[in-house]
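Please keep the sequence and the 3D view at hand while reading.

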Amino acid sequence: MKFFIDTANLEQIREANDLGILDGVTTNPSLMAKEGITGEEAVMKHYKDICEIVDGDVSAEVISTNFEGMVAEGEKLAAIHENIVVKVPMIKDGIKAIRYFSDRGIRTNCTLVFSAGQAILAAKAGATYLSPFIGRIDDMNWDGMELIKQIAEIYAVQGYETQILAASIRNPLHIVKSAQFGADVVTCPLSAILGMLKHPLTDIGLAQFLADHAKANG
Ligand code: E4P
């Protein structure tokens with residue numbers, strides 16, 4: 001399973017990249033706004049900066065909601081760097097845009113996915129990645145992980161090549177279960193990645209090893 005970081009914060013991207021386990025980055029308009037990146041020029045530069053840090057796919061989301069706008073924006077985004085993946089919302093014009101990009105060799109990430117029906121349409125349109133939003137489903141008191149399982153089963157049965165990119169990850173358990181249930185990629189905040197390191201028995205065991213070593217060695 002590939003690991004993407006879900007942020008537009010350059011420091012956090014560098015920190016995750018330095019771990020040596022990072023395969024890419026996802027952003028969205030909210031994450032860009034959180035970093036104060038506004039205006040076309042600044043947005044383009046920011047994506048270029050991200051691409052220069054990470055050797056992997058970087059999802060850049062279109063703002064337009066009609067086919068012509070998404071195509072114009074997506075082509076500009078894709079021209080920034082070969083690692084840019086155009087992120088397109090799961091709406092009718094989005095599906096048309098994904099087909100357009102797919103036919104021209106431009107990779108896409110279909111975002112805001114909340115059902116298996118949407119996942120089938122995105123795969124049929126040739127999406128490179130599909131982003132089901134696990135955390136937001138859990139927030140509604142449903143089970144986001146059930147959706148990952150269902151999509152993984154459908155994609156395997158049908159032989160769809162679209163990669164399942166588990167998104168809206170809130171904690172380490174979401175990452176572990178995404179791996180268990182067949183996600184190809186997980187995109188997560190730095191806190192969830194670092195949270196996977198933690199276990200009290202690791203800390204207790206390490207403290208004991210160091211104490212014993214110190215005692216034996218004076
Ligand atoms: C990533 O591609 C998504 O935009 C992101 O994971 C959404 O996460 P959120 O539900 O925490 O905003």
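## The ligand and its surroundings

A polar side-chain atom of Arg170 lies 2.7 Å from an oxygen atom of the ligand. Taken alone, the ligand exposes 340 Å², and the protein buries 84% of that. The model is predicted. Asp6 and Ser168 also place polar side-chain atoms by ligand oxygen atoms, at 2.5 Å for Asp6 and at 2.7 Å for Ser168. The residues that surround the ligand are Asp6, Thr26, Asn28, Lys87, Phe133, Arg136, Ala167, Ser168 and Arg170.

Strands of a sheet pair through backbone hydrogen bonds, in either a parallel or an antiparallel way.

Strand β1 (residues 2–6) and strand β2 (residues 24–26) run parallel and are joined by three bridges. Phe4 has Gly24 as its bridge partner in β2.

## Asp57, Asn83 and Val85

Asp57 belongs to strand β3 (residues 57–61). The side chain of Asp57 makes a polar contact of 2.8 Å with the side chain of Arg107. Beyond its sequence neighbours up to four places away, Asp57 touches Phe4, Asp23, Gly24, Val25, Asn83, Val85, Arg107 and Tyr129.

Asn83 sits in the loop between α4 and β4. A polar atom of the Asn83 side chain lies 3.4 Å from the backbone oxygen of Gly56. With residues up to four places away in sequence left out, Asn83 touches Val54, Asp55, Gly56, Asp57, Val58 and Arg107.

Val85 is part of strand β4. Is Val85 buried or exposed? Val85 counts as buried because its relative accessibility is 0%, and buried means under 20%. The C-alpha atoms of Val85 and Asp49 are separated by 15 Å, with the two residues 36 apart along the chain.

The table gives the accessibility of residues named in this report.

| Residue | Relative accessible area | Class |
|---|---|---|
| Asp57 | 13% | buried |
| Asn83 | 12% | buried |
| Val85 | 0% | buried |
| Leu112 | 33% | partly exposed |
| Asn141 | 73% | exposed |

Most residues other than glycine have a negative phi. Leu112 has a positive phi, near 65 degrees, and is found in strand β5 (residues 108–113). Asn141 also has a positive phi, near 70 degrees, and lies in the loop between α7 (134–139) and α8 (144–158). Asn141 counts as exposed because its relative accessibility is 73%, and exposed means over 50%. Leu112, at 33%, counts as partly exposed.

Notes
Residues are numbered from 1 along each chain as its sequence is written. This is a predicted model: local features need pLDDT of at least 70, side-chain atom pairs count only at pLDDT 80 or more; totals for chains, interfaces and linings use all residues. Side-chain values use heavy atoms; hydrogens and water are left out. Helices (H or I, at least four residues) and strands (E, at least two) are DSSP runs, numbered from the N terminus. Buried means under 20% relative accessible area, exposed over 50%, partly exposed in between (1.4 Å probe, protein chains only). A polar contact is a pair of N or O atoms within 3.5 Å; within protein, one must be able to donate a hydrogen and the other to accept it, and residues adjacent in sequence count only if both atoms are side-chain atoms. Contact means heavy atoms within 4.5 Å. Two strands pair if DSSP finds at least two bridges between them. A residue is near a molecule or strand if one of its heavy atoms lies within 4 Å of it. Accessible areas come from the Shrake-Rupley method with a 1.4 Å probe; for residues, only the protein chains shown count as cover.
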